[in-house]
Structures are given as structure tokens and as C-alpha cells.
Amino acid sequence: MAGIGIKLNKIFGKETITTNLLGFGYSTMVTVAPMFVIIGNILLMSYFLRFDFTGYKGRNLFAATILYIFIFSLLASSPYNAVISRYLSDVIYDETYDDILPCYYTGLFVTVVTACVMGIPFCIWERVVGKVALYYVFTGFCGYIALVLVFYSMLYLSICKDYSKISIFFFTGMLVAFLLSFLFVRAWHMEVSYGMLLALTVGFCVTAIMEMATIRRYFRRNNNSYKKVLGYFKRFWKLILINFGYTLGLYVHNFVFWNTKLRMVVADSFIMAPVYDVATCLAMFTNISATVIFIARIEMHFHERYKAYSEAVTGGRWMDVQNTKNRMFRQLSTELMNLVRLQFIISVVIFLIMLIFMPRFGFAGLVLQIYPSLAAGYFILFVMYSEIILLYYYNDLDGAVITAVSFCVVTLLGSIVCSHFSAIWYGLGVIVGSLTGFCIAYLRLRWVEKHLDEHIFCRGILFPTKFSKKPPALVYDKNQRGANGTVDEKVMSS
């Protein structure tokens with residue numbers, strides 16, 4: 001999100017309470033606002049349409065469908081985002097903007113195919129085994145694909161620095177969904193849960209269409225260089241593994257507890273653990289501000305130091321390179337420590353608020369027993385992800401792969417072990433997994449600091465390489481005659 005730094009510097013530069021609040025609000029709008037818009041819209045529709053008074057089966061089916069739509073749309077769309085972002089950054093740097101549409105269509109095809117491979121077998125199972133109505137299954141699948149398109153197209157708008165439009169598109173789509181839900185339920189007398197699902201599906205489609213139309217308006221020319229894009233997927237396969245490992249790690253502990261005594265089976269198809277899932281949602285909200293703080297501070301402070309170092313490398317003295325490198329890593333350490341301090345304060349305050357007020361809204365008992373350990377785990381998790389982003393800055397893909405895979409695997413194994421403990425320790429798997437990833441990423445950043453000169457100056461290619469047939473070992477033949485017909489000297493090499 002390299003485009004919000006200038007805007008944030010203008011806002012925070014006045015150094016007043018009002019501008020600080022405005023800056024935090026702007027950072028929130030361009031990072032996590034879309035998620036809150038969707039959640040807020042679902043809560044409003046549930047309240048005004050009296051969703052709580054509908055049938056138990058319908059409520060559970062709607063909740064399970066929405067949960068699966070969100071989780072698996074993220075799992076389907078996130079693996080390719082880093083590769084596409086890398087490709088777009090190179091294209092913009094080279095100013096070959098005709099390459100963007102081939103990237104968009106190729107990535108769209110790969111993402112949709114991945115989503116269908118994940119979604120279609122489950123929909124068949126839902127219909128055949130779960131006996132869910134075909135129209136309900138089809139609507140849920142359409143909502144799933146529409147949200148995949150929304151998440152995918154968001155990346156291109158972020159590259160174009162149209163963060164405000166992303167929020168506007170989400171707000172417009174959810175406003176359409178809110179109004180349509182009343183039309184479907186009140187005027188057309190649809191069942192409440194299906195009316196809400198159909199309205200959300202239409203809202204996701206509206207958001208996706210507006211995003212895709214904006215992208216086509218920005219980029220009109222297509223040079224059809226699809227092979228070049230596929231080459232990036234092959235070349236930077238580690239980025240796919242990193243994103244998938246991190247995203248899977250976010251939910252793998254939920255999958256573990258979906259198969260414990262907390263599980264609930266809906267329509268013989270959907271498996272979930274509502275108590276654990278609610279505690280996970282609360283823990284994520286407790287620490288979601290870490291994303292806002294990290295992006296704001298990195299764009300305002302660290303990015304300038306990184307830019308100064310890059311300029312010194314390309315045209316400065318050795319002394320300038322060393323000075324800017326030292327200042328850059330000092331700033332990196334400062335920003336990580338500030339992130340931990342600020343987020344710790346915010347998390348503690350939100351944690352206390354949750355403990356005080358959540359019981360009044362019906363979230364008590366087992367939910368609040370599981371919540372504290374998960375909140376601690378997500379606190380470390382978001383700091384760990386910040387370190388992964390910093391590893392991207394230095395192109396340390398190996399370190400990021402080790403971090404993401406270790407986080408996912410340790411979280412999985414830790415959650416399996418902790419599922420046999422008492423409820424208060426259920427989130428220990430997330431803590432151990434996040435802490436493992438955090439330590440690995442921190443050590444890799446220290447390694448990068450020590451070996452950055454080698455990475456920058458000693459990995460170039462002096463001679464171009466190519467793949468071709470091996471040349472013969474014979475260099476010179478004594479019997480070979482020259483142009484004047486004379487026999488040359490005996491020179492043989494092998």
C-alpha cells in the first residue's frame with residue numbers, strides 16, 4: 001500500500017488530536033473497513049428482518065453458508081495475490097501498462113478455477129447428501145464466486161492506489177444488499193435466511209462488477225502476453241506457498257476444533273464449532289488494529305528510509321550506502337517495537353471491554369473461557385505477519401516461506417494437542433504457532449541485516465545465460481585448412 005504514505009503524512013503532519021483521529025480513521029478506511037461494512041450489514045439485516053425469530057434450521061444453515069463463503073473465498077484467492085502484486089510492480093516500473101490486462105485475465109482464470117475446484121465438490125455433497133434445496137446451494141455458490149472476484153479485483157485497485165473507491169464499492173454493494181433483503185422478504189415473502197443470502201450474493205456481485213469496470217476503464221489496451229504472466233507464476237512459486245501457508249494458518253486451528261466435541265453439523269454437510277469460531281472472531285477484532293498501525297507507520301516512516309537506501313545503492317558513495325542501511329534497520333526495529341507497544345495497549349483495553357460487555361450480549365461461558373488465549377495468539381500473529389511483509393521488502397522469500405509454513409504446521413499440531421486440554425488452553429496452539437513464526441521471521445530479519453551487502457551487490461549476473469545444445473569439445477582441428485589452402489598448426493582442446 002505504498003500510496004497512502006503521502007496522504008498520511010499530510011494528515012499527521014499537523015500534529016493535533018483531530019488530525020491524529022482523522023489519520024487513524026483514514027488508515028482504517030483503506031485497510032479493514034470493507035470487512036466491517038459486510039459484518040455490519042449482516043447484523044443490520046438480521047436485526048430489522050428479525051432473523052433471530054426464524055427457524056433454527058434456517059438460521060444455522062445461513063450462518064454455516066456465510067462462514068464457509070468467507071473462509072474458502074480467502075483460501076481460494078489469497079495464494080496468487082503476492083505473485084500478481086510482484087508482476088504488477090515490475091510492469092509499472094517498466095511502464096509497460098499493456099501487460100496489465102493479460103495479468104488480470106490470467107490471474108482471474110487461475111483464481112476462479114481454484115475456487116471451483118474447492119467449491120463444486122462441496123456443493124454436490126451439500127445437495128446429494130445434505131438434501132439442501134438446489135436453489136439455495138446455487139445461490140451460496142454464486143455468492144462464494146462473487147466474493148472471490150471481489151477479493152481478487154481489490155488487489156488491482158490497491159495497485160492503482162484507489163483505496164477510497166474500494167470502500168465506496170463495498171458500501172454501495174452492501175447498501176444494495178440491505179435494500180434488496182427488505183424487497184425479497186417483505187414484498188416477495190421469501191424465507192428470511194434465503195432472502196438475506198440472495199441479497200448478499202447480489203451485493204457481492206455489484207461490488208465485483210464495479211471493481212472490474214474500474215479496472216477496465218484504467219487499462220484499455222491488451223498485448224496478449226499471457227505466457228509472460230504464467231512465467232511469473234512458475235518463477236515466484238514461493239510467494240504462492242507463503243500466502244497460502246499464512247492464510248491456511250489463520251483457519252487451520254478452527255478446522256481442528258470443528259472435529260472435536262464442540263462441533264456442530266448442519267445439513268449433514270457443514271461442519272463448524274460455533275463457540276470456538278465466535279471466540280476466534282472476537283480475538284481477531286481485538287488485534288485487527290495492528291494491521292492499521294503497521295501500514296500507517298511503515299508508509300509514513302520506514303518506507304522513506306528504505307527509499308533512501310535504494311537511491312544510495314544506485315547512485316551513492318559506499319559511505320552513503322552504509323549510513324542509509326544503518327538508519328533503515330534502526331527505523332525497522334523502532335517501528336516493530338512501536339507496533340508491539342501500541343497494539344499491546346489497544347489489545348488490553350479491548351480485552352477488558354470484551355470481558356465486561358460481551359456477557360450482556362449473550363457471549364459468555366465457554367466463549368469467554370476460550371477467548372483470552374486466542375486473543376494472545378492473534379496479537380503475536382499480526383506482529384508476525386508484519387515481519388513477513390518486511391521480509392518481502394528485502395526479497396527474502398526463503399525466510400518468508402519458512403516462517404509461513406512453520407506457523408501453519410506448528411499451529412496445526414499445537415491445536416491438535418491443545419484440543420485435549422481444558423477450554424482455557426484451546427488457543428495455545430495459535431500462541432505457539434504464531435510465536436514460532438515470529439521468532440523465525442525475526443531471526444531472518446537479523447540475518448538479512450548482516451548479509452544485505454552480499455544480497456545487493458554479489459548476486460548479479462556478469463554474463464547472460466541461456467539454454468541451448470552443448471557445443472562440441474573440439475576447438476581447433478590441425479587438418480582444417482585456412483582460406484589460402486594452407487594447413488594450420490595442431491591445436492586441440494577438450
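## Core, helix end and backbone angles

In this predicted model, the largest nonpolar core holds 133 residues, and the members that touch the most others are Phe62, Ile84, Tyr156, Leu200, Tyr276, Leu390 and Tyr394. In general, nonpolar side chains in soluble globular proteins tend to be buried together.

Leaving out residues up to four places away in sequence, Ile84 touches Cys103, Gly107, Tyr152, Leu155, Tyr156 and Phe233.

Cys418 belongs to helix α16, which spans residues 397–418. Is Cys418 buried or exposed? Its relative accessibility is 5%, under the 20% limit, so Cys418 counts as buried. Beyond its neighbours within four places in sequence, Cys418 is in contact with Trp425, Tyr426, Leu428 and Gly429. For Gly429, eleven residues from Cys418 along the chain, the separation between the two C-alpha atoms is 6.3 Å.

Two residues other than glycine have a positive phi, Arg50 and Asn224.

| Residue | Phi | Loop between |
|---|---|---|
| Arg50 | about 55° | α3 (33–48) and α4 (56–77) |

Asn224 has a relative accessibility of 51%; the limit for exposed is over 50%, so Asn224 counts as exposed. Cys418, by contrast, is buried at 5%.

How values were computed: Residues numbered from 1 in each chain as written. Predicted model: local features only at pLDDT ≥ 70, side-chain atom pairs only at ≥ 80, totals over all residues. Heavy atoms only, no water. Helix = DSSP H or I, 4+ residues; strand = E, 2+ residues; numbered from the N terminus. Buried < 20%, exposed > 50% of the residue type's maximum accessible area, 1.4 Å probe, protein only. Contact = heavy atoms within 4.5 Å. Core = buried A, V, L, I, M, F, W, Y, C linked by side-chain atoms within 4.5 Å.
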